[in-house]
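Hi everyone, thanks for coming. I'd like to walk you through one structure today, so please have a look at the screen.

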Amino acid sequence: MTKMELEFERLKIRDISVSDASVIAQWKSGPLFRKMSTGTATIINEGNQRRDIEKSSSSPNESYLMIIEKRSSLPVGYVRFNWMGGTRQYGWLRFGLGAESGKGYMQEALSGILDHLFDRETYRIDAEVYEYNKKSLKLLTALGFKKEGVRRQAYFDEDEYYDIYVLGLLRSDWIAGSLEAKRSLNLN
């Protein structure tokens with residue numbers, strides 16, 4: 001696995017480590033996180049998160065990254081990619097924030113990470129969002145992801161079925177969006 005260390009205005013991005021298991025378990029155990037991601041039936045504890053991090057860290061087909069707020073040096077979230085076909089050309093994105101929602105950290109982190117990846121070998125990134133996760137859908141759309149399909153009523157939350165939106169972002173979309181953003185800010 002290639003190491004990734006990036007630094008942005010307010011954030012540092014680094015590979016996750018086993019010592020991060022307790023904070024990841026804490027985040028994933030929260031009711032909002034469970035609703036948006038893991039579901040209530042999933043068992044989350046430090047031990048299984050530690051094993052997940054160890055497995056991910058030894059896999060050439062995964063990138064599991066921690067988002068660190070520079071000022072406090074505290075972790076605020078994570079970003080994870082599963083790479084298809086043994087290269088970093090095509091990946092599936094997952095991400096989550098701890099208690100730091102609403103501060104723009106995920107937009108800053110994803111924007112910087114995507115810029116880094118699309119500047120190298122990445123060609124396409126996929127993501128999936130439950131229909132009720134409006135914040136993540138808005139964020140991904142703002143980053144240039146296109147809604148490519150709907151997996152109708154593909155998620156059951158123990159009470160009701162929900163659609164899953166399937167989104168994709170191509171390198172060409174990212175480059176066009178970056179150029180458009182620079183034009184609107186008169187940065188070219």
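I'll start with the whole chain, go on to the sheet and its helices, and finish with a few single residues.

A word on the ground rules. This is a predicted model, so local features need a pLDDT of at least 70 and side-chain atom pairs count only at pLDDT 80 or more, while totals for chains, interfaces and linings use all residues. Residues are numbered from 1 along each chain as its sequence is written, and side-chain values use heavy atoms, with hydrogens and water left out.

Okay, the overall picture. The protein comes to six helices and eight strands. Helices here are DSSP runs of H or I with at least four residues, strands are runs of E with at least two, and both are numbered from the N terminus. Reading from that end, the order is β-β-α-α-α-β-β-β-α-β-α-β-β-α.

How does the radius of gyration of the protein compare with that of a compact globule? For 188 residues the globule would come out near 16 Å, and the protein has 16 Å, so the two agree. That radius is taken over C-alpha atoms, and the globule rule is 2.2 Å times the number of residues to the power 0.38. Along the principal axes, the C-alpha atoms fill a box of roughly 50 × 40 × 35 Å.

As for burial, 44% of the 188 residues count as buried. Buried means under 20% relative accessible area, exposed means over 50%, and partly exposed is in between, using a 1.4 Å probe and protein chains only. Then there are contacts, meaning heavy atoms within 4.5 Å. Of those between residues at least 6 apart in sequence, 61% join residues at least 24 apart.

Now the sheet. It's an open one of eight strands, in the order β1-β2-β3-β4-β5-β6-β8-β7, with mixed pairing. Two strands pair if DSSP finds at least two bridges between them. Which strands sit at the edges? Those are β1 (5–7) and β7 (146–156), and each pairs on one side only. Neighbouring strands are turned by 25 degrees against each other on average, direction ignored. For angles in general, axes are lines fitted to C-alpha atoms, for helices over the stretch in contact, and the values run from 0 to 180 degrees between N-to-C directions.

Let's look at one pair, β4 (residues 74–83) and β5 (residues 90–97). They pair in the antiparallel sense over seven bridges, and V79 stands opposite F95 in β5.

Next, the helices on this sheet. Helix α3 (residues 46–57) packs on the sheet, touching β3 (62–69) and β4, and its direction makes about 120 degrees with that of β3. Helix α4 (residues 105–118) also packs on the sheet, with a list of partners including β1, β2 (11–15), β6 (124–130) and β8 (161–170). The direction of α4 makes about 40 degrees with that of β4.

Stay with α4 for a moment. Its 14 residues reach 20 Å from first C-alpha to last, close to the 20 Å expected at 1.5 Å a residue; the expected span is 1.5 Å times one less than the number of residues.

Over to the hairpin. β7 and β8 pair in the antiparallel sense over seven bridges, and Y155 has Y162 in β8 as its bridge partner. Four residues lie between the two strands, and E158 in the turn has a positive phi of about 75 degrees.

D157 is in the loop between β7 and β8. A polar atom of the D157 side chain lies 3.1 Å from the backbone nitrogen of D159 and 3.0 Å from the backbone nitrogen of E160. Leaving out residues up to four places away in sequence, D157 touches K35 and Y162.

Last, three single residues. With residues up to four places away left out, G91 touches N82, W83, R124, I125 and D126.

S73, in the loop between β3 and β4, has a positive phi of about 65 degrees although it isn't a glycine. S73 is exposed, at 53% relative accessibility. Q153, in strand β7, has a positive phi too, near 45 degrees, and counts as exposed at 52%.

How values were computed:
Polar contact = N/O pair within 3.5 Å; in protein donor to acceptor, adjacent residues only side chain to side chain.
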